[in-house]
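Dear colleague,

Please find below the structure that I am handing over to you. My notes on what was found in it follow directly after.

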Amino acid sequence: MPELTDRALDTAVQRGATFADVRQTRRADESIAIKSGRVEGVTFGDSEGFGVRVLVDGAWGFAASNRLTAAEADRVAAEAVRIARASATALRHRVELDSRPPAHGTYRTPVVEDPFALSVERKVGDLLAADEAMRRVPGIGFTEVRYDAQREWKTYAANDGSLVEQEISHVGAVIEANAVQGDDIQRRSYPDSAAAGGYEWVRDLDLAGNGERVASQAMALLAAPQCPPMRTTVILHPSQLYMQVHESCGHPCELDRVFGTEASYAGTSFLTPDGLGTFRYGSELIDIVADATVPGGLGTFGWDDEGVAAQRVPLIEAGRHVGYLTSRETAPRIGAQSGGAMRADGWNRIPLIRMTNINLLPRPGMSFDDIVADTDEGLLLATNRSWSIDDRRLNFQFATEMGWQVKGGKIGQLYKNPTYTGITYEFWGSCDAVADERSYTLFGTPNCGKGEPGQIGHVGHGASGARFRDVQVGVGKW
Amino acid sequence: MLSERDPDGLELAERVLRHAEALGATQAEVLVDEAESRLTRFANSEIHQNVAESNTMVNLRFVDERRVGCASTNRTDDEALRRLAESAARIARFMPEADEAVHLPGPAPIAYVHGAAAPATADATPEFRAAAAREVIAAADAAGVQAYGSFTTDLERVALANSLGVRAQEARTWSQLLTVAMGSAGEAGYAEAAAVDCTAIDVAAVGREAADKARSARAPVSVPPGDYPVVLEPYAVVDLLDMLGYLGFSALAVQEGRSFFEPGKVIGSPLVTIVDDAEDLAGAPISFDYEGTPKRRVPLVEAGVCREAVYDAQTAARAGRESTGHGLPAPNPYGPFPLNMIMSAGTASREELIGGLERGLLVTRFHYTNPVHPKLVIVTGMTRDGTFLVEHGRIVGPVRNLRFTQSYLDALAGVQAVGRERRLLRGFLGASLVPALRIGAFTFTGATEH
């Protein structure tokens with residue numbers, strides 16, 4: 001690998017690059033899809049290539065290729081320089097990078113049971129067992145089981161002498177039962193998550209052991225009444241709270257978005273730098289960190305794709321906005337060093353600021369069950385079903401699979417199609433309870449879209465559950 | 001360049017087929033997708049990202065009686081191609097036998113469309129894209145706003161071969177310029193143009209449209225959520241078609257009972273006609289799908305009535321009919337999708353559409369839409385980049401953005417007028433040709449601060 005990366009770096013510098021880095025990546029992925037007892041697809045993918053990123057005259061250029069030859073390294077490096085020169089014809093501010101020390105080292109995701117070494121037969125067998133458990137429940141319309149494993153071998157090299165090698169392994173799985181009746185369809189899934197690690201994570205999910213519960217709940221949803229519109233107290237289970245964190249804290253804390261570089265696609269952010277350190281984001285119970293060092297997270301690594309070491313960065317402290325997800329280019333603009341949040345979706349994409357593991361920290365005091373027992377009237381909402389938020393990350397609306405009435409501290413009536421909506425800082429400001437570590441769960445979101453051309457990011461979120469007051473639920477006409 | 005850079009895609013596919021047959025495949029299908037993708041992105045009126053990519057993906061579907069294994073690689077040397085076949089064969093051998101037979105399509109004559117690719121797009125340079133970005137930025141400068149956006153020029157060479165004799169190969173190009181113009185107070189306007197031939201895009205016009213809209217969006221006022229009649233610009237209408245296509249027009253969704261779609265069912269006003277037509281040169285024409293089946297024009301909705309869903313080989317076999325040429329690369333648990341939707345134009349000018357609103361909203365574009373209930377096609381999302389109050393048929397002024405929670409089926413049923421101009425736009429489900437619409441009622445359920 002170093003031969004190719006050295007060659008590309010040398011050519012880029014000879015052609016005029018003042019900064020150059022190269023990422024050579026091989027990605028192996030395996031996916032299994034089962035639908036209603038039928039194996040719909042098993043696929044193994046292998047993709048390899050390299051991408052050269054350069055600064056010329058203060059402007060960016062990037063080119064990438066799947067052909068791993070010296071001649072191609074020269075061609076791609078030269079193309080990146082040419083592209084950067086074209087960028088420089090429409091430049092108003094020269095790019096300045098922070099001065100991180102050259103990066104050296106290796107990192108490997110700890111894996112107990114290598115998912116790629118296990119036979120396909122074994123994995124398909126486990127997944128079919130889960131599917132069968134769901135289909136044993138009478139009345140289920142159709143079922144789905146999906147499993148994915150991905151491993152990346154990444155070499156990062158830069159013309160400052162950096163050389164980092166990493167092996168990152170991720171796995172994910174979900175079982176899903178769908179109950180259908182007339183115009184209605186109700187889905188219940190578990191856990192729709194992913195993690196850094198090996199097949200041991202999938203085994204620990206006990207998918208087959210959860211099949212009957214999931215399918216029975218889907219059937220119960222068909223018979224449940226529609227969630228009524230009202231303002232009420234909402235208790236978010238960790239399986240929904242993680243998505244609330246993702247959309248309303250993770251994305252608005254991306255500093256490239258704050259500076260407008262995603263404005264034409266995903267939008268900008270209400271968390272502007274003038275409020276850094278003072279803006280009241282939520283109640284004093286809210287502490288959120290971006291932690292790329294936590295074991296098992298989809299946002300866990302040794303170095304980001306700019307060669308910046310993994311870090312734990314506070315974003316919200318006691319309800320105040322105190323930090324951002326940053327890069328070498330954006331951090332100096334707020335007087336900081338990169339927090340190491342740049343990641344690329346493979347060899348053929350530039351790194352962008354991505355969430356690492358954005359975790360709402362648990363608070364000692366009340367367990368999740370204590371919070372339910374402490375609630376006179378409200379709704380308990382679990383498992384995300386759909387999500388939407390405006391282009392500054394203020395007005396959000398989520399739907400969950402499950403919604404239970406809470407009355408007198410007890411869980412009661414099940415509602416279908418529950419939704420809730422609000423304005424981000426008002427909603428977080430209404431939080432009056434965060435559960436302790438007993439229900440704290442690290443979720444994985446392997447489908448976070450960003451950038452043009454599109455990139456899919458793997459990010460993590462820790463959450464224990466929380467309570468929010470005076471929230472609008474039951475949105476829309478049903 | 002339109003001339004191939006790697007060995008001919010069909011020749012690559014044939015080599016993989018031979019490897020698969022040597023390993024005992026009873027059927028096999030090979031898709032070779034060679035891509036040269038280029039994109040120049042700008043923000044704050046300067047180019048900030050500028051990328052190019054060359055890649056070749058080889059995808060094999062290996063069939064062993066009723067068992068299937070799929071594998072893909074972007075290595076094209078013979079050793080890698082042999083490993084690819086071995087991977088797919090190994091997967092297939094481990095599979096439990098399926099209840100139903102595997103159906104690869106047989107050969108059918110392909111009437112190749114003229115106009116799937118344009119040399120100018122295939123050969124577009126970074127200097128060409130940068131010049132376009134400068135032109136958009138100049139339009140923003142002239143209006144006192146800043147430009148954000150991207151300019152894409154893509155070349156894709158698709159080759160398909162299967163063991164039943166299917167052989168298909170085609171070069172396709174795509175170009176798209178989009179821009180958000182934004183002022184210092186956050187007022188914003190959007191414009192977009194797309195074409196097979198990038199030189200057909202009127203760059204200056206796109207820049208002016210977005211900048212003018214941003215300027216007219218200054219100092220928005222709040223309007224309360226509620227039901228409003230609306231005029232949806234084509235940039236918003238494309239989302240309606242995408243959601244309907246994603247959730248309902250696929251034969252797999254119909255077969256699984258999760259679609260609203262039933263032939264003969266009335267879902268729209270008589271003004272609504274939607275076809276999937278990959279041969280229409282006003283769209284983004286292509287000749288065959290990712291199974292090598294010729295594309296067929298499919299009437300999805302005619303005068304408000306559901307007519308026909310789209311099929312790939314497997315869903316067609318289940319239904320005892322022919323594929324309509326809407327297969328995606330294998331393995332595909334999501335089913336076939338319409339990727340070339342076209343909504344019939346109406347007779348109304350933009351002014352007439354707006355003129356028909358006694359009190360309503362003009363919506364430029366939707367943002368971050370997501371289904372709340374898939375079978376009822378209840379969708380939530382936000383407006384963005386230009387939302388205006390209309391009273392007595394005239395635009396009164398800009399309003400702050402609103403959240404809607406709305407059944408797109410009810411929206412189709414409420415179409416009162418259809419624009420006579422259409423735009424070719426890229427949604428999340430392919431390239432669609434869409435007009436503006438006036439809809440009698442649209443339910444807005446929330447508001448935001450800008």
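How many helices and strands are there in chain B? In this predicted model, chain B holds ten helices and 17 strands. Its radius of gyration is 23 Å, against the 22 Å that the globule rule gives for 450 residues, so chain B is as compact as a globular protein of that length. The C-alpha trace of chain B spans about 70 × 50 × 35 Å along its principal axes. Of the 450 residues of chain B, 63% count as buried. If one takes the contacts in chain B between residues at least 6 apart in sequence, 73% of them join residues at least 24 apart.

Domains of chain B

Chain B is divided into two parts, domain 1 (9-204) and domain 2 (220-450). Their C-alpha centres lie 24 Å apart. To the contact between them, domain 1 of chain B gives 33 residues and domain 2 of chain B gives 31 residues. On the side of domain 1 of chain B that touches domain 2 of chain B, at least two residues each come from β1 (27-43), β2 (46-64), β4 (146-162), β5 (167-182) and β6 (188-195) of chain B. That side of domain 1 of chain B has 20 nonpolar, seven polar and six charged residues.

The strands around β1(B)

β1(B) deserves a separate description. Of its 17 residues, 13 are buried, so β1(B) is largely enclosed by the rest of the structure. Strands of a sheet pair through backbone hydrogen bonds, either parallel or antiparallel. β1(B) and β2(B) run antiparallel and are joined by 17 bridges; within this pair, B:E34 stands opposite B:T56 in β2(B). The two strands form a hairpin with two residues between them, and B:N44 in the turn has a positive phi of about 50 degrees. β1(B) also pairs with β4(B), in the antiparallel sense over 14 bridges, and here B:T40 stands opposite B:F151 in β4(B).

Which element supplies the largest share of the side of chain B that touches chain A? It is β2(B), with eleven residues. In total, 77 residues of chain B are in contact with 69 residues of chain A. The side of chain B that touches chain A divides into 32 nonpolar, 32 polar and 13 charged residues. β2(B) is also joined by four bridges to strand β3 (residues 59-65) of chain A, and these two strands run parallel. The bridge partner of A:A64 in β2(B) is B:E53.

The nonpolar core

In soluble globular proteins, nonpolar side chains tend to be buried together. Here the largest nonpolar core has 296 residues, of which A:V52, A:A80, B:L60, B:F62 and B:A181 touch the most other members. Leaving aside residues up to four places away in sequence, B:F62 touches B:A20, B:A25, B:A28, B:V68, B:G69, B:A85, B:A88, B:A89 and B:A92.

A sheet in chain A

Chain A has an open sheet of four strands in the order β11-β10-β9-β14, with antiparallel pairing. Its edge strands, β11 (320-321) and β14 (358-360) of chain A, each pair on one side only. Strand β9 (residues 288-291) of chain A runs antiparallel to β14(A), and three bridges join the two. In this pair, A:V289 stands opposite A:N359 in β14(A).

With kind regards

Key. Residues numbered from 1 in each chain as written. Chains lettered and ligands numbered in written order. Predicted model: local features only at pLDDT ≥ 70, side-chain atom pairs only at ≥ 80, totals over all residues. Domains from an automatic or database assignment. Contact = placed C-beta atoms within 7 Å. Nonpolar A, V, L, I, M, F, W, Y, C, P; charged D, E, K, R; others polar. Buried ≥ 20, exposed ≤ 12 C-beta atoms within 10 Å, placed from the backbone. Pairing = 2+ DSSP bridges. Rg over C-alpha atoms; globule rule 2.2 N^0.38 Å. Core = buried A, V, L, I, M, F, W, Y, C linked by C-beta atoms within 7 Å.
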